[in-house]
Amino acid sequence: MTGVVYFVGGGPGDPELLTLKAKRVIDSADVIIFTGSLLRESLFRDTKPGVAIHDSAGLHLEEIIALMVSAARDGRVVARVHSGDPTIFGAIHEQMVALEREGVRYEIIPGVSSVFAAAAALRTELTVPEVAQTVILTRTAGRTPMPNGEQLHDLARHGATIALYLSAQLIAQAARELRVGYPADTPVAVVANASLPDQQIVRGTLDDIAALVKAAGIRAQAIILVGPALDPAIKRTAAARKSRLYDRTFTHSFRQGVRDAE
Ligand SMILES: C[S@@+](CC[C@H](N)C(=O)[O-])C[C@H]1O[C@@H](n2cnc3c(N)ncnc32)[C@H](O)[C@@H]1O
């Protein structure tokens, strides 16, 4: 019998933000390989007796593949647990290519990406009507270069909500690049360790956020959210920002709109 590898979305950290399916797979796995640099062992409280748990932080790709392939060939179930959602900066592409080459079956189980835990912590909608209807999930160029047309100064031209992963240490560079397209007073919020007990929130503008984040001592595991939708004052102007979806006069396939009296 051949086993299977599940790429599991481990969520942003709070064990209650695991999906039911992710929890079921983790708890029934024979082998767990998790990104220990981002996830905490509290996710693995109810695992099967005898499960082998490996932290991938100290392993290189070939070692991770070897663990997965040999377990699957022994007919075991492997949970390869990534933080947030595995398809966003999860480095799963190279793992899937290797598993296909080895003829090992795999599936992906989605998870709550840290951007959504950050937005929840801020009590913010990332797509406020008439303010921002587009969210760009990206990063600042570091050791991984950005493809043509995806530099922050290119993306800044859209004025959309931008979420930056992997960028806490590069926040001064990011803010500088984003100022090409956004005004210097554009609101920015940084959430470190979103959903975890040591969660930290710093708010500012493109002008001062780098200094504020440095003063707060945030160096990693943070999401940076930029754009007019992040303005904390926006709820005070809510009357002008209603979505069409729940407008009483708006008809759609599940509800007949009410005609206003003339
Ligand atoms: C390798 S990427 C993985 C992203 C992950 N797949 C996701 O969907 O959230 C790591 C980056 O995710 C972000 N991150 C992960 N967990 C986080 C958390 N609990 N709070 C804030 N940011 C987090 C940080 O930007 C970090 O640098």
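Reply: Ala118 counts as buried because its relative accessibility is 0%, and a residue is called buried when that value is under 20%. The model in which this is seen is a predicted one. Ala118 belongs to helix 4, which covers residues 114-122. Setting aside residues up to four places away in sequence, Ala118 touches Val191, Ala194, Ile223 and Leu225.

Of the contacts in the protein chain with a separation of 6 or more, 66% are between residues 24 or more positions apart. Buried residues make up 43% of the 262 residues, and the secondary structure comprises 7 helices and 10 strands. Along the principal axes, the C-alpha atoms fill a box of roughly 70 × 50 × 35 Å.

Ser167 lies between strand 7 (161-165) and helix 6 (171-178). With 0% relative accessibility, Ser167 therefore also counts as buried. The side chain of Ser167 reaches the backbone oxygen of Tyr165 at 2.6 Å. Residues up to four places away in sequence aside, Ser167 touches Arg139, Thr140 and Ile224.

Helix 1 (residues 20-28) may be considered next, through its buried residues, which are Ala22, Val25, Ile26 and Asp27. These buried residues pack against strand 1 (4-9), strand 2 (31-34), strand 4 (77-82) and strand 5 (106-109).

Finally, there is a contact between two helices. The axes of helix 2 (residues 61-73) and helix 3 (residues 93-102) come within 10 Å and cross at roughly 45°. The two helices are therefore oblique to each other, and helix 2 passes helix 3 in a right-handed crossing. Helix 2 contributes Leu61, Ile64, Ile65, Met68, Val69 and Arg73 to the contact, while helix 3 contributes Glu94, Gln95, Ala98, Leu99 and Glu102. By kind, the residues of this contact divide into 7 nonpolar, 1 polar and 3 charged.

Key. Residues are numbered from 1 along each chain as its sequence is written. This is a predicted model: local features need pLDDT of at least 70, side-chain atom pairs count only at pLDDT 80 or more; totals for chains, interfaces and linings use all residues. Side-chain values use heavy atoms; hydrogens and water are left out. Axes are lines fitted to C-alpha atoms, for helices over the stretch in contact, and angles run from 0 to 180 degrees between N-to-C directions. Helices (H or I, at least four residues) and strands (E, at least two) are DSSP runs, numbered from the N terminus. Angles under 35 degrees count as roughly parallel, over 145 as roughly antiparallel, 65 to 115 as roughly perpendicular and the rest as oblique. A crossing is left-handed if the near helix is turned anticlockwise from the far one by less than a right angle, and right-handed if clockwise. Contact means heavy atoms within 4.5 Å. Ala, Val, Leu, Ile, Met, Phe, Trp, Tyr, Cys and Pro count as nonpolar, Asp, Glu, Lys and Arg as charged, and the others, Gly among them, as polar. Buried means under 20% relative accessible area, exposed over 50%, partly exposed in between (1.4 Å probe, protein chains only). A polar contact is a pair of N or O atoms within 3.5 Å; within protein, one must be able to donate a hydrogen and the other to accept it, and residues adjacent in sequence count only if both atoms are side-chain atoms.
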